[in-house]
Protein chains: 2
Amino acid sequence: MERIKPHTLSGFMELTPKKQALMEHITDTIKRVYSLYGFTPLDTPVIESADVLLAKGGGETEKQIYRFTKGDSDLALRFDLTVPLAKYVAMNYAELAFPFRRYQIGKVYRGERAQRGRFREFYQADIDIIGDGELSIMNEAEIPSIIYRLFTELGLTRFVIRVNNRKLLTGFYDMLGLSEKAGDIMRTVDKLEKIGHDKVMAILTGDLDISAGDANEILGFISITGTNAQVLSALEAYRGRNATFDMGYEELATVAGYLADFGVPEENFALDLTIARGLDYYTGTVYETQITGHPEVGSVCSGGRYDDLAGYYTDRKLPGVGISIGLTRLFFILDDVGLLSDDLPTAPADALILPMTDDMSHSVALATALRQRGIRTQIYSEPKKFKARMAYANRLGVPFVAILGEDEIAAGAVSVKDMSTGAQERVSVNDAAGYISDALSRRPVARPIKE
Amino acid sequence: MERIKPHTLSGFMELTPKKQALMEHITDTIKRVYSLYGFTPLDTPVIESADVLLAKGGGETEKQIYRFTKGDSDLALRFDLTVPLAKYVAMNYAELAFPFRRYQIGKVYRGERAQRGRFREFYQADIDIIGDGELSIMNEAEIPSIIYRLFTELGLTRFVIRVNNRKLLTGFYDMLGLSEKAGDIMRTVDKLEKIGHDKVMAILTGDLDISAGDANEILGFISITGTNAQVLSALEAYRGRNATFDMGYEELATVAGYLADFGVPEENFALDLTIARGLDYYTGTVYETQITGHPEVGSVCSGGRYDDLAGYYTDRKLPGVGISIGLTRLFFILDDVGLLSDDLPTAPADALILPMTDDMSHSVALATALRQRGIRTQIYSEPKKFKARMAYANRLGVPFVAILGEDEIAAGAVSVKDMSTGAQERVSVNDAAGYISDALSRRPVARPIKE
C-alpha cells in the first residue's frame, strides 16, 4: 500500500493527551464561570455565506479569510465570533429576550503568516451582553468581576484588568479641538512604551502638526496613574468642559465604584488611560488583561462597550459589551512561560482495574460498581505481564490501580494500590468504590495554572 | 448604510437558546459518560492537508468533501473523526500508551444534497480504543455498556443495541463457498425489511446466481432470532465447519456473556445476524442502536471492530474498536419525534436579581454571594418597570427572582419568588444563597429525553 506521511498543518494546534486534558480543564472552567454570570451557550456554523460574513467588508481581516466556493455558493470560514453573533441576533431578534447574554467558545480561522505562537485555527471564548436600544452601564461594571473570577479559578493571581472609557478619550480630544486627529493621536500615544516619550512627542508635533502645548497636555493626561481614587481625582480637574468627557467620567467612576461589591480586589484592577482598543467600534468602557511579569504576552482578555452590533444586518440599535479570550494563544503562552501546572490530574481514568484471571467477570462487575459511583474506570484487559500493566498505569498517570487475582476473588476483595504513595491495601469489593471515592475527594484541588 | 440580509446556510444547524441549552446538556452527558469509561479527550483541526485527509481516496465521500486552496496549500475539511484519529495515532505513536482510548466530539463536513434532516456541518461524538498490534475482545464486550449507560443517562429507556460479528458472516459465506459474493449477498439481504423475502430471494437466485438451496440457507441463517441464549444455541449448529465462523461465534458469545456484569439489561440488547455495517472496514463485533418504536430513524449509534486503523500512514498494525454518534442528526430526530424533554431547565440563570433602587450595590453584593455558592446569577439592571422585569424573568424561565427594594435593604433581607409556584418569601440576605441552593437541590433530576 502506498503510504502518505501523516502531518498536521502549520498554524493548527494539536495537543498530546496530557496537554489536551489541561486544555479541556481550562475550557470547562471558562464555561462554568460564564454560566455563573447568567450567559447562555450559543453555537453557530464555522462556515457562513461570504456576503454575510464580509458585510462589513475591507480591511486587514479580509485578506486573511478562508474563502472558497462549493457548487454555486461563495463561502467563508468565520474569523471571529462577533460577526456570527450580530447575524444571529439580527435574524432571531423576535425570539430573544434582551438583554441577551450569550457565551460562545469556538474555533475561528485567519490565514495569518505562520510563525511561532500565531495560529490559523484558534479558539475564541467570548461573552457579550446585547441590549435592545439601550444597555445599562451596570453591565460594563460587571465585566471585570467575570474576568477576575475566571482567571482566579484558573489559578492565576498575578494579573491586572486595565480599564478605560472611550468617552473620556473622545471628550478630552474634543476639548482640545483635536477630534479629527484623535484616532492618529491614540495610535501614536499607544506606542509610548515601545518608542518612548521623545519620539511620541516628535510624531505629535511633527507628523500630526499639534502644538507643543497640546502635545504636552495629551502626554500629561495619558500619564495619569495611581489608585482608582487617585486617577478619578486627577480626572475631576477636567470635568465641566465637555459633555462626552463628563459622561465618560461618570461611567468610569460607576465601574470603579462597584468593584468591591463585585468582589474584585483593587490589586487586580487598574484605571489606565492609555487603553484605547484601537478600533472605532468601541464607544464606552474598554478592557485589557495583563499577566503580571509578562508584558511581552500582551492582553489575554480584551473587549469593551459598543453601540452598534449589527448595523450591517438590521436598522435596530443593538448596543452591547463583550470580552474575548484568544484561548489557543493563551494556552500556548501559559505553556511557553511555564505557568501550566503539573499538579492537575490529566489521567483519563481515576482507577485502572487489572484482572489477573482469564474470567474477567469480577473485574467487569467491579468496574461497573466504580462507574456507578462516578469513578472514571478503565479495565486493562490485554494479556500482558504484570510489569507491562503497571508500566501502562504509570504512563497514564492513574491515581489508583485495582488488582483482582484469584486470592482477591476468593476473599471477595480487591487490592487497591495508591500510585502516588505506592501503598497497597486490600479492601472488600463492596467497599472499593467508597474507598477510592473518599481518597479522590481528599486530594487537594489543583488548578491548570500554577504561578 | 447598505444592509445585507442575515441568513444561515442551508444544512447548517443553528439553534435557539433554549434548544442550544438542551444540546449542551446532551453533549455534556456524552462527555461525562465517555470519561467514566476512561477515554481521554482529543481535539484535531477541522482543516487538514487534502493529501492526508484523502489518503484512502475515492468513493462517495470524496465528492462531498469541502476542498479548497489557500495560497499554495491544497486543503480539506474533515468529513469524519476517524481519519484524523488515524493521522494522530500514526504521528504520535511513540507518545501514546496503548490501548489508547480517546473520545472526540467535533464538527465534520459533508456537502450532501440539502434536504430535511440532512446536515452539511454536523457533530460526531466518537470513541475508539486503539491497540498496538493486538486488542483484546473485552474491549468489544465493553462497548454495549457504554452505549447503554449513555442513552440511559440521556433519559431514553426504549432502545436496543443490536450486535453481530463480521467473522460469523464471513465464515458462514465461506462454508457455502460464496466468499466472493459475500459483499453482494449482504447488501441484498440488508434490504430484507424494505423489499421483502420474495424480492430478496429473486435477486439472490437471479442476479447473484446462487442456488435455491444456498439462498434458502442464507435466509434461514439471517432470520435466526430470539434471546441471546436462543441465538447462540441456533448458531451452535454451524460450529466446527469453518475456523473464522468458530472464532466469530466465540467472540459473540464472549460479548453476550459479559453483558450482565457490565450492567446491560437483556431488553436493551439483541444479537442480530442482519447487522453487517456495509463497509469492508469492520472485521469483528459490529453495533447499531435503534430507538424502539422509531424504525424510520435508523441507527443512532453505530460502529465496530476493525483491524487496520492507519494503514495509509504507517506499517504498524493498529486494530481498534469504536462507535460514533451523529449528534446533530440525533438532536434533530429527537426534536422531530417529540422526545426532547420540556422539563429540563434551559434558563441561563438560576436566579435573577431585580434591584429596585438606583444604588445597586446591595444587589451586586447579593449576586456575588450567590455566585460564590455556585448559583448561576444575573442582575437585571435596566431601568424598566417591574412588570417588564418579571416578563423578562418569565421569558428566560429562571426558577427564582430575588427582589431588592428599599424595604428589603432596610431589613437586611431579600424577597425570593419561586417562579414555578409563584410563592414569595422574605429571606435574610445572609441566608439567601443557602435558601436558593437548597430549593434548587430539591428539584427532581431532569433528563434531555422524555419518552
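The legends below describe close-up views of a predicted model.

Local features are reported at pLDDT of at least 70 and side-chain atom pairs at pLDDT 80 or more, while totals for chains, interfaces and linings use all residues. Residues are numbered from 1 along each chain as its sequence is written, and chains are lettered from A, with ligands numbered from 1, in the order in which they are written.

**View 1. The contact between chain B and chain A.** The contact takes 75 residues from chain B and 75 residues from chain A, two residues being in contact if their C-beta atoms, placed from the backbone, lie within 7 Å. Helix α1 (residues 17–36) of chain B supplies six residues, the largest share of the side of chain B that touches chain A. Helices (H or I, at least four residues) and strands (E, at least two) are DSSP runs, numbered from the N terminus. By class, that side of chain B holds 38 nonpolar, 20 polar and 17 charged residues. Ala, Val, Leu, Ile, Met, Phe, Trp, Tyr, Cys and Pro count as nonpolar, Asp, Glu, Lys and Arg as charged, and the others, Gly among them, as polar.

**View 2. Helix α5 (residues 138–154) of chain B.** Of the 17 residues of α5(B), 15 are buried, so the helix is largely enclosed by the rest of the structure. A residue is buried if 20 or more other C-beta atoms, placed from the backbone, lie within 10 Å of its own, exposed if 12 or fewer, and partly exposed in between. B:G155, with a positive phi near 110 degrees, follows α5(B).

**View 3. Helix α6 (residues 166–175) of chain A.** Seven of the 10 residues of α6(A) are buried, including A:L168, A:L169 and A:F172. Among the elements covering them are β7 (159–165), α10 (212–222) and β9 (282–291) of chain A. Just after α6(A), A:G177 adopts a positive phi of about 70 degrees.

**View 4. The surroundings of B:Y258.** B:Y258 lies in the loop between α12 (243–257) and β8 (269–271) of chain B. This residue is buried, with 23 other C-beta atoms within 10 Å. Not counting residues up to four places away in sequence, B:Y258 touches A:S361, A:V364 and B:A141.

**View 5. The contact of α9 (residues 197–205) with α10 (residues 212–222) in chain B.** B:H197, B:M201, B:L204 and B:T205 in α9(B) meet B:A212, B:A215, B:I218 and B:L219 in α10(B). This contact comprises six nonpolar, two polar and no charged residues.
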